[in-house]
Amino acid sequence: MLMKEKIWDWLTSLKLAIVLASLATLVIMAGSLIMHYHPRLFGDLDAVTLGQWYPQAARQAPLHTLWMPLAALLLLAFGVNTLCCLVDWLARLRSRWRKTGEYLIHFGFCLLLAAFFWGHLAGYRTAGNVLPVGETLALSGHPGLSLRLDDFRPVFDQTGRRPLDMINHLTLLDGERELARKEVRTNHPLMHRGLVILPASFGQEATGFRVLVPGQGTVDLHRGAEIRLPEGKTLTVLDFLPSARRMGDRMVPMGGLTNPALHLRLAGAGETLWQGWYVLREGVPQELVRQGAALRPSEPLYRTYSILTINYDPGARIALVGGLAMCAGVSICIFSYYAKRRRQDHPDIV
Amino acid sequence: MLNPDSVLLLQGALGLYLAAALVQFFLLGGERRALRRGALALTGLAFALQTLYLAAAWVQAGYLPVTNLFSTLFFFSWAMGGTFLYFELRYRIGAAGLFVLGVTMLLLVGALRRGPMISPLIPALDTPLFTMHVAFSFMGYALFAMAFSVAVAYLLPGFLRPPSMPPRDLLRRHNEEAILLGFVFFSLCMISGSIWAYVAWGYWFSWNIKGVWSFIVWLFYAGMCHAKFVRRWQGEGYALLSIAGFFVVLFTYLGIGLLLQSNHPLE
């Protein structure tokens, strides 16, 4: 027998498949327990790709992560063995077509394995992407692409407290061009060429304050808003902090909505008459009152934002094809198993 | 009668399964055709009652009720009962499947102790992929349990093997069939679960311990499907592998849920 044939026989060997599958099973069993008992190291491994996570983790704990490349190597070898068997079957398809089901499973497994490694090496995962309604978020992993949240509506249970779903109207843009638009909610992500965008959570943030202006009624003050005052003066909102704290001359933002403050500029005849912070709890600054801007705060202005998970897996579509091939394979397998048994068609035993 | 809040159907099914198991025990002493038919009829009737309850609960809820411990225990017992009935109808497996019958009753008792309660469907579970994932997984587990039961019967020494049990060669074939069918259903469970994970969380393979061990179960039985073509592993070797595989399944289903933290809690 030629050396080439010997190598091919070894690569397509059934015993090699059993040895590799057994070894991979044992290594992954041990690895799963290492993962469980070292949660600090392995943390939420689903939040990142292996390509992002492994290099740093391997430097940090080479012994505890050693099982991963070992398992990868064994699975890759098992994948190569499966692929060789598939090629060998294809070469003899005319006489072995009855094994189509079994080899569709092989084909599916090869695709799934390739998709897994490709996705983890070339993909990325990001969580906690905050996107307020009406705004656009640039996708850092995809230069030129951005995501716009057109509308957002949370769905609550009967008590009105527990959120059940989050309905996001999202548009994926390439520059100004619309690539995809979808109502995104639980189990219904926006998918586009390996990108998958899902709702994770939502929240509200104060963006300004509604005030009562004598003679003008209620006016919404948020960054960029202007109020026209008598004698051609204008009051412009330069900034808004939901919670501010004085640190000398500066205002420092704090968390929550406990001490709202508006940074205002009063201008008239082309020049700034006054500029400063109006801390709502401290009352309207005297200069503003003198200039006729006796504002009376009424209620905070809120805007809703969605928190999105944005993942990119270039292998996802290949994985889907692999999964479907495997589904078809196992379905055919059942029928062919009983058909072969009826025909007394016994398999080759090695 | 068809009210899913009433446990009458389930209690009836449990009583019938118990009667069938007692008849099967009696048959261990020797073959009696009339009794065997009676045992089969009792099992069939019990499974019919379970199916009726499942259909009523499904119709009332509007979705396959597998959303809490009561409903999963019940569904698992239904899958176990169905598996036993299939092998009994097709091959008159009798005492070789007694373990499966026992587990069916245990699961039913577990479900009855919890009391009938069907949790409302939250949007995260409101997808056919979830239904398929759970249904296929329990069907796979039931078939792996059957393989275990048949493997134990296969390994029984000659003097302990009752005359009513199928011959060893048939038991070997039943074991292989149970493994193949279990692998088929478990593969469908893994694929539907992966697609669901992708649309729900944005990745199709989870490093959660349950996800990893499900892959281990799949890999183990994939290896077994190959091992049946190796002479050395046929017969006793294959039976031993079936028993080992079932312990891997038990750890994946029960061990992880009870001992470790997972995103597939038992409760």
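1. Glu231(A) is exposed, with a relative accessible area of 71% (buried means under 20% relative accessible area, exposed over 50%, partly exposed in between, with a 1.4 Å probe and protein chains only). Glu231(A) sits in the loop between strand E9 (226-228) and strand E10 (234-241) of chain A (helices are DSSP runs of H or I with at least four residues, strands are runs of E with at least two, and both are numbered from the N terminus). Phi of Glu231(A) is positive, near 65°, although the residue is not glycine.

2. A remark on the source. This is a predicted model, in which local features need pLDDT of at least 70 and side-chain atom pairs count only at pLDDT 80 or more, while totals for chains, interfaces and linings use all residues. Residues are numbered from 1 along each chain as its sequence is written, chains are lettered from A and ligands numbered from 1 in the order in which they are written, and side-chain values use heavy atoms, with hydrogens and water left out.

3. Arg193(A) also has a positive phi, about 45°, without being a glycine. The loop that holds Arg193(A) runs between strand E6 (190-192) and strand E7 (195-213) of chain A. Is Arg193(A) buried or exposed? Its relative accessible area is 65%, so Arg193(A) counts as exposed.

4. Lys182(A) belongs to strand E5 (residues 177-184) of chain A. With a relative accessible area of 33%, Lys182(A) is partly exposed. Lys182(A) and Leu170(A) are 12 residues apart in sequence, and their C-alpha atoms are 5.6 Å apart in space. If residues up to four places away in sequence are not counted, Lys182(A) touches Asn168(A), His169(A), Leu170(A), His188(A), Pro189(A) and Leu190(A) (contact means heavy atoms within 4.5 Å).

5. Next, the helix pairs. Two packed helices are described by the angle between their axes and the distance between the axes. In chain A, the axes of helix H2 (residues 14-37) and helix H5 (residues 67-91) come within 9 Å and cross at roughly 155° (axes are lines fitted to C-alpha atoms, for helices over the stretch in contact, and angles run from 0 to 180 degrees between N-to-C directions). That angle makes H2(A) roughly antiparallel to H5(A) (under 35 degrees is roughly parallel, over 145 roughly antiparallel, 65 to 115 roughly perpendicular and the rest oblique). The crossing of H2(A) and H5(A) is left-handed (the near helix is turned anticlockwise from the far one by less than a right angle; clockwise would be right-handed). Among the residues in contact are Leu16(A), Leu20(A) and Gly31(A) of H2(A), and Trp67(A), Phe78(A) and Asn81(A) of H5(A). By class, this contact has 17 nonpolar, two polar and no charged residues (Ala, Val, Leu, Ile, Met, Phe, Trp, Tyr, Cys and Pro count as nonpolar, Asp, Glu, Lys and Arg as charged, and the others, Gly among them, as polar).

6. H2(A) also meets a helix of chain B. The axes of H2(A) and helix H7 (residues 209-227) of chain B come within 9 Å and cross at roughly 165°. H2(A) is therefore roughly antiparallel to H7(B). H2(A) passes H7(B) in a left-handed crossing. The contact includes Leu14(A), Thr25(A) and His36(A) of H2(A), with Trp213(B), Phe220(B) and His226(B) of H7(B). Its residues are 15 nonpolar, five polar and no charged.

7. Within chain B, the axes of helix H2 (residues 33-61) and helix H3 (residues 69-91) come within 10 Å and cross at roughly 145°. The crossing of H2(B) and H3(B) is left-handed. Residues that meet here include Arg36(B) and Phe47(B) in H2(B) and Trp78(B) and Glu88(B) in H3(B). The contact has 11 nonpolar, seven polar and two charged residues.

8. Helix H1 (residues 8-27) of chain B has 20 residues and reaches 29 Å from its first C-alpha to its last, close to the 28 Å expected (1.5 Å times one less than the number of residues). Its buried residues include Leu9(B), Tyr17(B) and Gln24(B). H2, H3 and helix H4 (98-114) of chain B are among the elements that cover the buried residues of H1(B).

9. Helix H6 (residues 168-201) of chain B has 34 residues and spans 47 Å, close to the expected 50 Å. H6(B) is mostly covered, with 26 of its 34 residues buried. Phe186(B), located in H6(B), is buried at 2% relative accessibility. Leaving aside neighbours within four places in sequence, Phe186(B) is in contact with residues including Phe136(B), Tyr141(B) and Trp218(B). Just after H6(B), Gly202(B) takes a positive phi of about 90°.
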